[in-house]
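Hi there,

Here is the structure I promised to pass on.

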Amino acid sequence: MPKIEVRKLSKVFGPSAKKVLNELEKNFDKQDVLAETKHAIGVYNASFDVEEGEVFVIIGLSGSGKSTLIRCLNRLNKPTGGSIIVDGDDIVKYDRKQLRDFRRHKTAMVFQNFALLSHKNVLDNVAFGLKIKGVSKEESYAKAQNMLSMVGLEGYEESSVNELSGGMKQRVGLARALANDPEILLMDEAFSALDPIVRRDMQFELIKLQKKLKKTIVFITHDINEAFKLGDRVAIMKDARIVQIGTPEEILANPCDDYVEKFTVDIDKTKVLPVRSIMSVPGCLTKLKDGPKVALQEMRANAVSSAYVVDDQLHLKGIVTLNNARQAAEEKKTISDVMQTDIVQVDQETMISDLVPLAAQSPYPIAVKDEQGKLCGIVTRVAILSHL
Amino acid sequence: MDSILLLPARLMAVLLSPWLKFPEIPFIDIAGWIDSAVRWLKENLSWLFDFIRNVIDGMLSGTAAVLEIMPWWLLIVLVMVAGWLASRSIRSTLLYGAMLFLIGLFGYWELMNYTLSIVIVSVILSLLLGLPYGIWMAESEKVRTISTPLLDTMQTMPSFVYLIPAVILFGLGRVPAVIATLVYALPPVIRLTSHAILNVDSETAEAAQAFGCTRMQSLWQVRIPQAAPTIMAGVNQTIMMAVAMVVTSSMIGAKGLGEEVLISIQRMEVGRGFEAGISIVFIAIVIDRLTQGITRSLKKKSGKED
């Protein structure tokens with residue numbers, strides 16, 4: 001069962017939101033309805049699942065409704081229609097007290113402009129959520145202290161939050177959210193207000209933390225590179241609607257329309273695409289137990305100057321060049337005597353960008369292995385360069 | 001020649017006269033209604049006004065007693081200490097001390113105490129009423145809709161007008177002076193309290209909600225502390241307006257520095273008027289700087305210093 005199931009979620013702003021939503025369901029055109037009724041449409045008919053432990057990124061331009069959508073997930077915005085099932089409970093139907101409990105125990109939010117309490121010091125900010133819940137002072141401070149060291153801010157407990165840099169402020173924001181030990185972490189453009197270098201650090205920090213914590217994270221951004229870097233799956237929003245949901249790779253491979261395609265133009269593909277998407281079939285293979293003459297034969301037949309040496313399970317053992325093979329044939333040696341074993345081998349899920357330094361060093365194409373360690377393809381330098 | 005030329009105009013004036021002159025409509029007599037309403041209040045609710053008068057009079061006497069038993073030098077020292085804490089500047093601190101000392105030199109120390117007791121009681125009452133009302137106004141849109149025009153009226157109405165019902169209901173003296181000052185000084189603190197709470201950064205207010213604050217938790221732990229500097233600006237305004245009311249309220253028999261100004265107007269004594277007037281200015285400056293010091297330190301604490 002998914003952690004969060006969103007079904008036909010809509011949010012209309014205005015005094016007679018329900019009525020306008022009914023109109024919309026008959027005839028959807030955002031501009032028309034806006035003009036006629038003076039209502040604004042935040043989200044229309046959004047449906048998606050978020051799995052436990054998944055990082056689900058929602059991306060869209062400003063005004064596309066992504067912030068409205070994430071605010072529905074903790075009911076800062078009350079949805080006009082549809083349902084949000086979290087652990088089997090529809091939170092749209094929650095009354096005030098249930099909602100408070102939900103917010104105190106299941107979710108926490110990180111805000112774009114940090115939303116720290118400037119009248120409190122760093123430690124009190126991090127302990128805020130716990131104190132609200134009624135956790136004792138000692139316990140909440142102890143937890144807050146832990147969180148601060150987790151985000152690398154030990155020693156700043158007594159500092160005023162106003163003295164911190166943007167990156168440090170957001171670390172406090174993140175620590176405050178995590179201190180509550182929420183199952184679901186909502187991050188609304190959490191890194192958008194940070195400058196690029198700090199931002200990269202924070203993305204790295206989040207990936208690191210997520211490996212340890214395995215929270216269910218819903219992350220909002222307008223930056224496609226950030227989305228594809230962090231997201232297990234990405235939803236793209238346009239004019240209050242979700243237009244496509246998929247893994248970064250799926251979206252890159254099959255953008256559902258021009259809008260999505262334009263979005264993905266900016267992406268640095270080498271950071272998203274794994275090596276398996278650009279590898280080619282190895283030109284020439286030779287078995288370990290074959291003699292050098294067989295290897296020579298193979299190479300001639302394929303018109304190449306080197307061959308990959310594999311064992312019976314297709315595990316790569318080394319590489320022989322035409323010269324190596326000739327030498328072995330003349331000196332009556334086996335292939336394993338002459339083959340070169342210092343060969344670069346990568347996993348098929350490695351990102352293309354990580355291959356660049358390897359390709360520069362290696363004189364031969366880079367070998368790619370699958371999960372079982374079997375040789376499944378090679379990547380030539382030309383293939384890597386053509387994707388940069 | 002002239003009269004011939006003017007003839008058509010005169011003719012017109014005669015013909016149009018019913019339209020040109022504003023009609024007298026005898027049955028709309030707002031002044032009369034207000035008069036009778038105030039009279040009705042006086043006749044039927046006198047026990048209430050007597051009670052209010054006694055309470056305020058008690059507060060005034062208490063405050064005056066404290067000020068009277070305080071030696072003059074102690075007040076000056078206290079003000080200088082507060083001035084040092086507020087400004088951290090030796091020059092300002094000495095200046096505040098010198099101002100009070102000058103008031104004493106003018107021979108107005110007792111009158112200043114008397115005036116101060118009226119100002120202090122008015123301000124305490126204004127804050128007791130204004131702060132909670134401002135919070136209520138921020139929390140309820142209905143209260144806001146009703147209060148805004150009321151506050152506008154209270155602030156633009158010439159302050160002398162408040163003197164009349166105050167005198168009818170509470171007689172002459174310092175108690176109606178407090179009442180009139182209260183009405184005059186109340187709007188800023190209400191307005192700025194409500195404004196400050198409503199204008200707390202929306203993300204910060206959302207954060208309080210997102211972490212599951214109750215309405216009270218959000219108000220007391222997040223929004224009011226965040227709004228504190230602006231609320232304090234409202235308090236400062238209210239105090240200033242209470243000081244400004246001193247001369248006006250002397251017209252209904254409140255003694256003190258204001259009465260000195262009034263007397264010197266009647267007797268055309270420029271020097272006396274100047275001394276009393278400048279004493280009021282000194283009081284205003286000292287109180288203003290001290291409260292602004294509090295505002296500044298609140299701002300600094302919440303990081304809103306520009």
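Helices here are DSSP runs of H or I with at least four residues, numbered from the N terminus. This is a predicted model, where local features need pLDDT of at least 70 and side-chain atom pairs count only at pLDDT 80 or more, while totals for chains, interfaces and linings use all residues. Residues are numbered from 1 along each chain as its sequence is written, chains are lettered from A in the order in which they are written, and side-chain values use heavy atoms, leaving out hydrogens and water.

Let's start with chain B. Just after α5(B), Gly107(B) has a positive phi of about 85°. The helix itself covers residues 90–105. Thr93(B), Tyr96(B), Gly97(B), Met99(B), Leu100(B) and Ile103(B) are buried in α5(B) (under 20% relative accessible area with a 1.4 Å probe, protein chains only; exposed means over 50%). These buried residues line one face of the helix, because they fall within an arc of 150° seen down its axis (the arc of the directions from the helix axis to the C-beta atoms). On the other side, Ile90(B), Arg91(B), Leu94(B) and Leu105(B) are exposed.

Now for chain A. Phe228(A) is in contact (heavy atoms within 4.5 Å) with Val234(A), Pro248(A), Ile251(A), Leu252(A), Thr264(A), Ile267(A) and Val272(A), leaving aside its neighbours within four places in sequence. Phe228(A) is also among the residues with the most contacts inside the largest nonpolar core, which has 68 residues. Such a core is a set of buried Ala, Val, Leu, Ile, Met, Phe, Trp, Tyr and Cys residues joined through side-chain atoms within 4.5 Å. Its largest share, seven residues, comes from helix α5 (residues 122–133) of chain A.

Best wishes

Key: Helix = DSSP H or I, 4+ residues; strand = E, 2+ residues; numbered from the N terminus. Expected span 1.5 Å × (residues − 1).
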